[in-house]
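User: I would like a close look at a single part of this model, with its surroundings described strand by strand. Please keep to what can be computed from the atoms.

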Amino acid sequence: MSNAKDAVRKVLDQVKADKRTSLTAPEGKLVCDAYGIPVPKEGVAKSGAEAARIATGMGFPVVMKIVSPDILHKTEAGGVVVGVKTAADVEKNYDTILANARKYKADAKIEGVQVQQMLAGGTEVIVGSITDGSFGKLVAFGLGGVLVEILKDITFRLAPATKEDALSMLDGIQAHDMLKGVRGGDPVNREALAGIIVKVSQLVSDFPEIVELDLNPVFATKKDAIAADVRIVVDFDYKPREKPRPTEEIVKAMNRIMQPKAVAVIGASAEDGKIGNSVMKNLINGGYKGEILPIHPKASEILGYKAYKSVKDVPGVIDVAVFAIPAKFVAAALTECGEKKIPGAVLIPSGFAEAGHPELQAEIVEVGKKYDVRLMGPNIYGFYYTPANLCATFCTAYDVKGHAALSSQSGGIGMAIIGFSRSAKMGVSAIVGLGNKSDIDEDDLLAFFEQDPNTNLIAQHCEDLKDGRAFAEAAKRVSKKKPVVVLKAGRTSAGAKAASSHTGALAGNDKIYEDVFKQSGVIRARSLRQLLEFARGVPVLPTPKGENILIITGAGGSGVLLSDSVVDNGLQLMAMPPDLDAAFRKFIPPFGAAGNPVDITGGEPPITYVNTVKLGLSDERIHALILGYWHTIVTPPMVFARNMVEVKKEMEAKGFVKPMVASLAGDVEVEEAAEYLYMHGIPAYAYSTELPVEVLGAKYKWARGAGLL
């Protein structure tokens, strides 16, 4: 590859020497040739015979153009002929073009005639690359021509892209069926197109100064794919983002912050209503067993704990300092933390970049870098780590332990997480506020939770990703082991404006987030409720062994809506084999609908649900069950719920473990039944045919991304 790189470097050096920001067409061709990106073959002929020889070598039809520095408007001069089909015609046209040129401008300097391969037919597509502030180099693919501008039907991946990434891009546009050949048209050569995408992604990764690249159109045919036009824009001042810290280094600091043996509270207070008082009380009432060290300029003790003037006066080691002092005093106190070699600072105070004081934030970032203190925040509620009974926050003490770790960029969303977790008895391992993300961000949390034995799912709310590439690389690694759920706020331009006014970070093009999340195995939540429901439900469900989903319902109406939800969530209803259909029919009244959904009808006793669900669990061809319950006098809600839990246990004992979710339609008693089912491993929802299927869909997304299906 070094020869290829040398060839491109030579071209770029020339562009730089000329102080240009873009490449000429011939320079673009040289770059493409170096990286094996197919462009039309061309050659310059000095005679009719030579032109015929070049044309025969590249294959007909060809385009012929006059080559002269004195003739700018070639067509006007009669210097262009398209669609030349034979060697004889090439020779004849050579003479005509020369004669026309002389007639147009008698003294024109003529260097010959360019013979160029003519591209015809096929599907026009676009392959390109852009440079994003958060994600860096991205490769893009879409349909060429006007469509891409009007429909914005384009898909992105991080560069460099693998061949699998490239092939997934061909299916990632809405018009992907066009590539398969429509109405008797030929399908495109997928390998050839994927090859171009991979090469473009490698080129822009090798040369960061290429900030934009467009191959538009690329003519994709059954035989090959060739770029008709190349546009390359450069910026020699572009600096890629620094590499993130090594994972081991992140984990070492995060372990001390999240599981500290000693916590200092800077700005601790004995006065009710002060943030420094709430933090102290939460640490004490939350049951934290480590050392609590109040820091206060005057007090000798606070809430029964010995107080110190400065962290530097504390005799032992301190793992983390929680700040509850006004913004303007933070830098000085942080410097003392640095001198004391405290690895982490939790910065609750607001009044930094989000409040129009970026200089105060820049100052603390500098201090953090100088002393290698990791900063959480500023402008946050703090954090909870339940395995250590640690409530380093001013919100409320929290004690519902579980295995979901959640983070949010916003305090309001953090409180919603606390309330939902308590109400749904979900339990968490951690809740972390990230606020302005002056330093610690989502990828630091991913690195910590990846190796935290107390966490089995990570759910994150964010308005922006400071370093999208670092996040994507961490998520790709972590999501293979544990589900990563992300709620990206600012999906719409209105949401993006609100986010920028609040956090000082504009939400990027949402399509980029969508595609990079997919590439990284992230489960994307579309709403706050979904983020919370996924965090609760995904770990409850066993991993499915295949894609065949069966609906068993007591209400035809629920069956139809559940079927819609299956399709909406990228799942597939199993095609019912005749023998299985016959087996189900044995349990259903003659007017019930067999097939999938299996409609057992409303008047059935509990035993019908039991028999059909047992059959669904025991047949190896079925991989997941969706239950639609209808409240009737014959089968009351709690009777249904207890029966389903019994059947589930009985079948598990025989080795049949499958994900099951339930939708319950009925009067208020279905709420208690749904809760009972959920507590026993069947995510169940009263009054919703969407939520249970969304949770199942999220489990499938994760399993597919982690390569478990």
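In which sense do S8 and strand S9 (residues 225–227) pair, and over how many bridges?

Analyst: S8 and S9 pair in the antiparallel sense, over 3 bridges. Pairing here requires that DSSP finds at least two bridges between two strands. Strands are DSSP runs of E with at least two residues, helices are runs of H or I with at least four residues, and both are numbered from the N terminus.

The model is predicted: local features need pLDDT of at least 70, side-chain atom pairs count only at pLDDT 80 or more, and totals for chains, interfaces and linings use all residues. Residues are numbered from 1 along each chain as its sequence is written, and side-chain values use heavy atoms, with hydrogens and water left out.

The link between S8 and S9 is a hairpin through 4 residues. Within this pairing, valine 218 has alanine 227 in S9 as its bridge partner.

S8 covers residues 210–220 and also pairs with other strands. With strand S5 (residues 123–132), S8 forms 7 bridges in the antiparallel sense; threonine 123 has alanine 220 in S8 as its bridge partner. Strand S10 (residues 230–234) runs antiparallel to S8 and is joined to it by 5 bridges. There, leucine 213 is bridged to isoleucine 232 in S10. In general, strands of a sheet pair through backbone hydrogen bonds, either parallel or antiparallel.

As for cover, 8 of the 11 residues of S8 are buried, so the strand is mostly covered. Buried means under 20% relative accessible area, exposed over 50%, and partly exposed in between, with a 1.4 Å probe and protein chains only.

Of its contacts (heavy atoms within 4.5 Å) with a separation of 6 or more, 70% are between residues 24 or more positions apart.

Elsewhere in the chain, parallel pairing is found in an open sheet of 5 strands with the order S12-S11-S15-S16-S17. Its edge strands, S12 (291–295) and S17 (374–376), each pair on one side only. Strand S11 (residues 262–266) pairs with S12 over 5 parallel bridges, and isoleucine 266 stands opposite isoleucine 295 in S12.
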